[in-house]
Amino acid sequence: MNGLSGPNEGAPPGDDAVVLESDALERAMLSTFDGLVSSAQSAERIVSASMALRAAQIDKLRVWSEAMVAAEGPAAAGSEPHGWTPAVRGRRELVFELACALRIPESTADRLFDESRQLVNVLTETHAALREGEISYRHAQVMVEQTATLPDEAAADYERELLPFAKTLTVAKFVRVARKKREVLHPESITDRRQKGLEERRVWLDPLPDGMTFLGAHLSAEIGVAAHGRLTEIARAQDAPGDDRTLAQKRADALGDLLLDGDTCAAEGDAAGAAGGSGAGSGSGSGSPAGTGHGIRPKVLVTVPMLTLLGKSEQPATLEGYGPIDPHVARQLAADAPSFTRVLTDPVTSAILDFDRTKYAVPADLRLVLRVRDEVCRAPGCNSPAVNCDVDHSVDFAQGGTTCAGNLSHLCRAHHNLKHHTRVRLRNPGDGRIEWTTRAGRTYVTYPANTIGAPPGSAQAGAPPGDWPPPGDWPPPGDWPKTDGTIGPSPF
Ligand SMILES: [Zn+2]
């Protein structure tokens with residue numbers, strides 16, 4: 001090597017052609033690659049445009065519904081118990097209608113009406129950008145959320161200033177910019193807004209697959225940060241040789257221990273109060289046994305098939321508020337967990353549903369059976385746990401309805417009111433199914449979570465099947481869909 005030879009020196013003839021050919025091939029491949037990126041962008045623009053169309057259609061539906069309410073005229077004097085004005089009733093009927101039709105929770109339907117109204121009537125530039133595919137629906141939602149508590153005139157300025165960012169930033173970065181600008185433009189003090197925000201505080205539970213759940217909390221910033229800080233300190237204090245749990249796992253374990261037992265298994269050391277020195281944990285009761293609910297044991301139902309309990313079957317058990325759980329865990333819970341009420345099911349035994357039908361009050365054991373049968377509120381899509389629901393007589397007791405399983409179902413207070421104060425109708429064929437009819441006349445059926453009790457169509461099942469097909473034509477109970485999220489026109 002004399003240091004003078006070029007890259008192709010000494011190469012056999014024809015290599016230049018090969019290089020040219022491979023350049024051309026690479027350019028062609030990149031061109032196709034780029035074309036496919038463009039196709040993905042086009043598809044995304046169509047999604048955005050469809051979302052803009054959905055907003056327009058949903059707002060039309062709202063306008064039409066409100067016009068129908070207006071056409072009905074004012075309610076007769078004294079016919080509006082508990083604030084059920086025609087407008088309130090119309091809105092509940094409307095929200096229920098859309099929730100059933102789109103198979104979404106009513107809270108989501110309610111939000112869709114508000115978002116659509118805002119986009120079509122106030123944030124018109126945002127709606128246009130969505131229609132043109134320049135922003136995603138999530139960007140539009142951020143704009144709606146951030147302007148929700150701004151007066152309309154401030155909202156217009158805010159939208160004008162913020163929209164260019166929506167067209168160039170990811171949603172997460174857009175949220176940051178939006179929040180900063182909102183602070184500058186908002187006419188209301190942060191103190192007042194925090195007070196409103198505090199009213200939204202809550203804790204919720206979402207079932208996840210594979211025997212897991214998500215326990216979430218909506219808290220004030222300082223309590224949330226302090227609580228997370230304390231969990232981190234506890235987790236760090238549990239470092240021990242041989243303990244190979246990650247920090248995240250230890251934090252989760254510490255949370256469970258604190259909530260269920262009021263303390264953690266390991267010595268906390270000076271973890272209590274270690275909230276990052278913010279001193280903001282006051283009022284949260286951190287560290288005090290009384291404040292952590294020491295000794296409080298929730299009662300949770302676990303329904304175990306008899307054969308599973310005996311270890312002769314691996315059929316899953318059901319944990320109330322969650323769903324199917326591992327038979328091994330269920331056997332442990334049934335054996336030695338005082339917080340759990342065990343309910344055994346035997347597909348052959350059904351006499352338990354035979355109760356005194358002459359009393360209005362629902363006997364405690366029938367109540368328990370219904371709780372196992374329903375698990376949650378029986379309205380389409382509603383997941384309120386049965387334990388927090390009312391037991392409703394489908395046909396009012398005063399109108400001849402009896403106190404038996406075939407005429408009772410769990411309804412959360414909101415759906416109990418919906419049944420009594422709107423034109424949404426509920427029919428209970430007596431076999432565990434509940435049929436709902438909306439204002440538009442569409443019907444949706446919800447199914448019991450568990451089919452314990454009398455077989456459908458049998459004498460014990462309560463009301464006669466009426467115009468339902470004979471029981472022989474029904475699918476086996478095991479094939480019935482769960483109530484949870486499964487709504488739709490009757491499969492019969
Ligand atoms: Zn409900």
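Visitor: Why does Glu375 count as buried?
Guide: This is a predicted model, so a computed count decides. Glu375 has 27 C-beta neighbours inside 10 Å. The cut-off for buried is 20 or more. Therefore Glu375 counts as buried.

Visitor: Where is Glu375 found?
Guide: In the loop between helix H13 (364-374) and strand E7 (390-393).

Visitor: Which loop holds Arg103, and what is its phi?
Guide: Arg103 sits in the loop between H2 and H3. Its phi is near 55°, again positive in a residue other than glycine.

Visitor: Why is Arg103 called partly exposed?
Guide: Arg103 has 13 C-beta neighbours inside 10 Å. Exposed would need 12 or fewer, and buried 20 or more. The count for Arg103 falls in between, so the label is partly exposed.

Visitor: How do you know that Gln41 is exposed?
Guide: Gln41 has 11 other C-beta atoms within 10 Å. The limit is 12 or fewer, so Gln41 is exposed. Gln41 belongs to helix H1. In sequence, Gln41 and Gly133 are 92 residues apart; in space, their C-alpha atoms are 9.1 Å apart.

Visitor: What makes Ala221 exposed?
Guide: The count for Ala221 is 10 other C-beta atoms within 10 Å. With a limit of 12 or fewer, Ala221 is therefore exposed. Ala221 lies in helix H9 (residues 221-237). From Ala221 to Leu198, 23 residues away along the chain, the C-alpha separation is 9.8 Å.

Visitor: How do you know that the span of H1 is close to the expected one?
Guide: Helix H1 (residues 15-72) has 58 residues. At 1.5 Å a residue, 86 Å is expected from first C-alpha to last, and H1 reaches 86 Å. Just after H1 comes Gly73, with a positive phi of about 80°.

Visitor: Which residues of H1 are buried, and what covers them?
Guide: They are Ser48, Met51, Ala52, Ala55, Ile58, Asp59, Arg62 and Ser65. The cover includes H2, helix H3 (106-121), helix H4 (124-131) and helix H5 (137-147). An α-helix has 3.6 residues a turn, so residues three or four places apart point the same way. Met51 and Ala55, both buried, are an example of such spacing in H1.

Visitor: What makes up the largest nonpolar core?
Guide: This core has 44 residues, and Met143 and Cys377 have the most contacts inside it. Helix H2 (residues 86-102) supplies the largest share, 6 residues. Domain 1 (41-70 + 82-197) and domain 4 (351-479) each give at least three residues.

Visitor: Which residues does Cys377 touch beyond four places in sequence?
Guide: Cys382, Ser384, Cys389, His410, Leu411, Cys412 and His415. Another core, of 7 residues, lies apart from the largest one; among its members are Leu366, Val372, Cys404 and Ala405.

Visitor: Why are E9 and E11 called edge strands?
Guide: The open sheet has 3 strands in the order E9-E10-E11, paired antiparallel. Strand E9 (425-427) and E11 each have a single partner strand, so one side of each lacks a neighbour in the sheet. The twist averages 25° from one strand to the next.

Visitor: How do you know that E10 and E11 pair?
Guide: A pair needs at least two bridges, and 4 join strand E10 (residues 434-437) to strand E11 (residues 443-446), so they pair. Their run is antiparallel. Thr437 stands opposite Thr443 in E11. The two strands form a hairpin with 5 residues between them, and Gly441 in the turn has a positive phi of about 85°.

Visitor: What do the totals for the protein chain look like?
Guide: The protein chain has 14 helices and 11 strands. Of its 492 residues, 27% count as buried. Among contacts between residues at least 6 apart in sequence, 60% join residues at least 24 apart.

How values were computed: Residues are numbered from 1 along each chain as its sequence is written. This is a predicted model: local features need pLDDT of at least 70, side-chain atom pairs count only at pLDDT 80 or more; totals for chains, interfaces and linings use all residues. Axes are lines fitted to C-alpha atoms, for helices over the stretch in contact, and angles run from 0 to 180 degrees between N-to-C directions. A nonpolar core is a set of buried Ala, Val, Leu, Ile, Met, Phe, Trp, Tyr and Cys residues joined through C-beta atoms within 7 Å. Domain bounds come from an automatic or database domain assignment. Two residues are in contact if their C-beta atoms, placed from the backbone, lie within 7 Å. The expected span of a helix is 1.5 Å times one less than its number of residues.
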